[in-house]
Structure formats: structure tokens, C-alpha cells
Amino acid sequence: MAIPVDLLHEMNLLAHYDLHSMQKGIKVHSDAGPEVIAAAQRLHQKGLIDQPDGGYLTTLGHDAAEHVQNLLQILRG
């Protein structure tokens, strides 16, 4: 089963969040790539981040970002 590229972009964005502080968000600027902007909008629609241009992780988003970051750490060895 291949991972769709849209999900890869979403996971990549989740990987950029700092899980050690709920006070640190991400701002996706209008000059970011269209795939990053679209990923942020989809994560917002899914209830994982609180703003369509980034913002803060929701509780569900924090859980998802933690899983993504743990998986990356495992795969990178």
C-alpha cells in the first residue's frame, strides 16, 4: 500500500511541530508551496490544527504529530 502524496505532505507538516510546548505553533505563509498550503488546510479540516494556515495543534493533532515524529525517529534509526 503506497502512501498518497497528500498524506505525506500532511505528515511532513506535523513533523515540524514542537511537541514539547503547546505554546509553539506554525505559520504557513502565503508564499509557501501550494502543497504545504493545501496540507495545512486539510489538517485544519480534519481538526488537527486550529487554523487553516497552521496555528496550534489540537489535542488530536498533538497525538497525530507525536505518532508521526516517533515513526520518523524509528525509521531514521
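I looked up the largest nonpolar core, which has 13 residues; Leu 13, Leu 14, Leu 43, Ile 49 and Leu 57 touch the most other members. I then listed the elements that give two or more residues to this core: α1 (5-15), α2 (34-45) and α3 (59-76). The most comes from α2, with three residues. I note that this is a predicted model.

Next I took Leu 14 by itself. Which residues is Leu 14 in contact with, leaving aside its neighbours within four places in sequence? I found Leu 43, Leu 48, Leu 57, Gly 61, Ala 64, Ala 65, Val 68 and Gln 69.

I turned to helix α1. Its buried residues are Glu 10, Leu 13 and Leu 14. They lie on the same side of α1, because they cover an arc of only 100 degrees around the axis. For background I wrote down that an α-helix has 3.6 residues a turn, so residues three or four places apart point the same way. I also checked what covers the buried residues of α1, and the cover includes β1 (26-27), α2, β3 (54-57) and α3.

Last, I looked at the surface. Ile 3, Val 5, Leu 7 and Leu 8 form a nonpolar patch there, and together they have about 340 Å² of accessible area. One of them, Leu 7, is found in helix α1. Is Leu 7 buried, partly exposed or exposed? I have Leu 7 as partly exposed, because its relative accessible area is 36%, and buried would need under 20% and exposed over 50%.

Technical notes
Residues numbered from 1 in each chain as written. Predicted model: local features only at pLDDT ≥ 70, side-chain atom pairs only at ≥ 80, totals over all residues. Heavy atoms only, no water. Core = buried A, V, L, I, M, F, W, Y, C linked by side-chain atoms within 4.5 Å. Buried < 20%, exposed > 50% of the residue type's maximum accessible area, 1.4 Å probe, protein only. Helix = DSSP H or I, 4+ residues; strand = E, 2+ residues; numbered from the N terminus. Contact = heavy atoms within 4.5 Å. Patch = residues over 30% accessible without salt bridge, like charges linked within 9 Å, V, L, I, M, F, W, Y side chains within 5 Å. Areas by Shrake-Rupley, 256 points an atom, 1.4 Å probe, with all protein chains shown as cover. Salt bridge = Lys/Arg side-chain N within 4 Å of Asp/Glu carboxyl O. Arc of directions from axis to C-beta.
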